[in-house]
Amino acid sequence: MSFTADTLLLFGATGDLARRMLLPSLCALDAENLLPENLRIVGTARSDMSDSEYRNFAREAVEKFLPHDRRGGIADFLNRLHYQPNDVTTSEGFDELAKQVGDSKDKLAIFLSTAPSLFETSIAGLSRVGLAGEGVRIGLEKPLGVDLASSCEINDAVAAAFPERRIFRIDHYLGKETVQNLLALRFANILFEPLWNAQHIAHVQITVGETVGLEDRADFYDQTGALRDMVQNHMLQLLALVAMEPPTSFGSGAVRDEKVKALRALRPLSAGESVTGQYRGGAVGGKIVPGYDEELGRDSDTETFVALKAHVDNWRWKGVPFYLRTGKRLPERVTEIVVQFRSVPHSIFEGARMQPNRLVIGIQPEENITLSLMAKVPGLDREGIALRPVPLDIAMPDAFTGTYKRIAYERLLLDLIEGDQTLFVRRDEVEAQWSWIDAIRAEWAKEKLQPKPYSAGSWGPSAAIALAERDGVSWHE
């Protein structure tokens with residue numbers, strides 16, 4: 001059943017995600033008249049607030065995290081907001097919540113941003129008061145478990161009340177414009193898709209670098225680590241978009257069918273195909289920062305850096321390594337995909353230094369696409385033709401003047417309200433990702449692998465450099 005919601009119910013409505021992302025995103029959409037005219041937004045959390053107090057909370061969030069020129073008539077947005085206190089660990093508050101939702105039970109979208117341990121009680125409470133019927137869809141914010149077993153437990157709890165067609169699992173990376181543009185780059189340009197295979201591509205690199213340390217996530221992060229925090233969701237979704245076969249359409253079923261095939265084709269890692277690290281004290285951006293153990297306040301063997309050499313075992317990618325790395329306290333905040341093409345089979349330019357073409361897709365902090373091509377250096381060539389790589393840059397804000405960089409949650413919230421699942425993660429995708437990650441963690445436990453130290457402000461332990469360089473590959477920096 002397809003419908004546009006007339007009420008959006010936000011769980012965790014006073015949390016950090018709501019303050020930084022959800023409320024500013026909704027305000028920006030409202031300013032552009034993209035929200036349904038009569039949409040009501042009901043926030044709920046444990047905090048005891050009135051409607052007017054919540055509107056003041058939302059105003060402060062919008063003024064802090066949304067540029068002034070994107071706010072529009074903020075008063076109109078605030079008038080959409082309502083608030084209902086509710087402790088999801090008890091059943092009593094759900095009756096009042098249902099009264100607040102009122103007649104919108106047949107066109108309701110729910111965004112569930114709570115601890116996974118509260119999912120089951122939240123779903124049970126919603127079901128009991130009639131907020132899980134055919135006219136209700138639900139969005140789930142990660143993390144969805146810490147391994148395959150816990151993920152299945154959470155998904156089973158949600159599935160008890162909501163069928164898959166009404167479940168929207170969120171990975172905010174899929175809301176980023178350049179991530180979506182990867183599909184357009186591949187499947188709307190004859191220049192790329194015929195070359196997007198092992199015959200023409202030597203390797204792929206995916207890097208997600210963070211300059212920050214633990215911030216306010218110390219307990220969560222120490223129980224999770226870099227592999228589960230970043231690789232299991234964001235990085236494997238990026239890999240799936242690079243590696244997937246052409247879908248039959250841009251429909252949600254077709255796109256997600258091909259992504260899950262790519263994820264299931266991931267080969268289990270062999271010994272020596274993974275490196276873990278943990279940052280020590282150093283300097284990032286000219287500022288002295290403490291090591292992980294000092295920041296945490298206790299000794300820990302949790303990894304803050306991971307580098308992997310992965311393979312997708314199918315005809316398209318036979319023999320092509322996918323190098324993945326992510327870490328905290330690295331020199332740059334960067335998310336990028338590098339597609340390294342093979343060298344030309346024969347050079348007619350005797351003595352000229354040839355470099356293979358390279359496609360770099362920047363996702364953050366700046367969204368851009370760069371293709372390096374070989375070109376002739378101007379001159380009379382008396383000593384032979386000289387060549388050098390020349391970048392063709394497409395900076396997304398410059399290519400589309402009059403547009404601006406959106407918050408990733410804008411697209412995802414609007415799709416949740418309107419019921420488009422294309423950019424959301426299906427259960428079989430999540431489980432394929434966890435199966436691969438669990439096998440890596442089991443191998444680490446078997447080998448008693450301990451994170452190697454690296455200085456904050458570096459690109460991780462030296463073993464991560466060796467992981468690529470023993471194949472004649474250098475990380476793109």
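This is a predicted model: local features need pLDDT of at least 70, side-chain atom pairs count only at pLDDT 80 or more; totals for chains, interfaces and linings use all residues.

Visitor: OK, at what angle do H1 and H2 cross?

Guide: Helix H1 (residues 16–31) and helix H2 (residues 51–65) cross at roughly 90 degrees, and their axes come within 9 Å. Axes here are lines fitted to C-alpha atoms, for helices over the stretch in contact, and angles run from 0 to 180 degrees between N-to-C directions. H1 and H2 are therefore roughly perpendicular to each other, a label for angles of 65 to 115 degrees, whereas angles under 35 degrees count as roughly parallel.

Visitor: Which residues of H1 make the contact?

Guide: From H1 they are Arg19, Arg20, Leu23, Pro24 and Cys27, and their partners in H2 include Tyr54, Phe57 and Phe65, where contact means heavy atoms within 4.5 Å.

Visitor: And how are H7 and H8 arranged?

Guide: Helix H7 (residues 177–187) and helix H8 (residues 218–243) pack at an angle of about 10 degrees, with their axes 10 Å apart. H7 and H8 are therefore roughly parallel to each other. The contact involves Val179, Leu182, Leu183 and Arg186 of H7, together with Leu238, Leu241, Val242 and Ala243 of H8.

Visitor: Switching topic, how many aromatic pairs are there?

Guide: The structure holds 12 aromatic pairs, counted when the ring centres of Phe, Tyr or Trp (its six-membered ring) lie within 6.5 Å. One aromatic cluster is formed by Tyr221, Tyr279, Tyr292, Phe305 and Tyr454.

Visitor: What sits over the ring of Phe3?

Guide: That is the charged end of Arg137, 3.9 Å from the ring centre. For Tyr173, the charged end of Lys176 sits over the ring at 5.4 Å from its centre. A charge sits over a ring if NZ of Lys or CZ of Arg is within 6 Å of the ring centre and within 35 degrees of the ring normal.

Visitor: Last one: where is the cis peptide bond?

Guide: The cis bond joins Gln364 and Pro365, with omega of about 5 degrees, and Pro365 lies in the loop between strand E14 (358–364) and strand E15 (368–376). Asn33 is not a glycine, but has a positive phi of about 60 degrees. Most residues other than glycine have a negative phi, and most peptide bonds are trans.

Methods:
Residues are numbered from 1 along each chain as its sequence is written. Side-chain values use heavy atoms; hydrogens and water are left out. Helices (H or I, at least four residues) and strands (E, at least two) are DSSP runs, numbered from the N terminus. Angles under 35 degrees count as roughly parallel, over 145 as roughly antiparallel, 65 to 115 as roughly perpendicular and the rest as oblique. Rings of Phe, Tyr and Trp (its six-membered ring) pair if their centres lie within 6.5 Å; planes under 30 degrees apart count as stacked, over 60 as edge-to-face and the rest as tilted.
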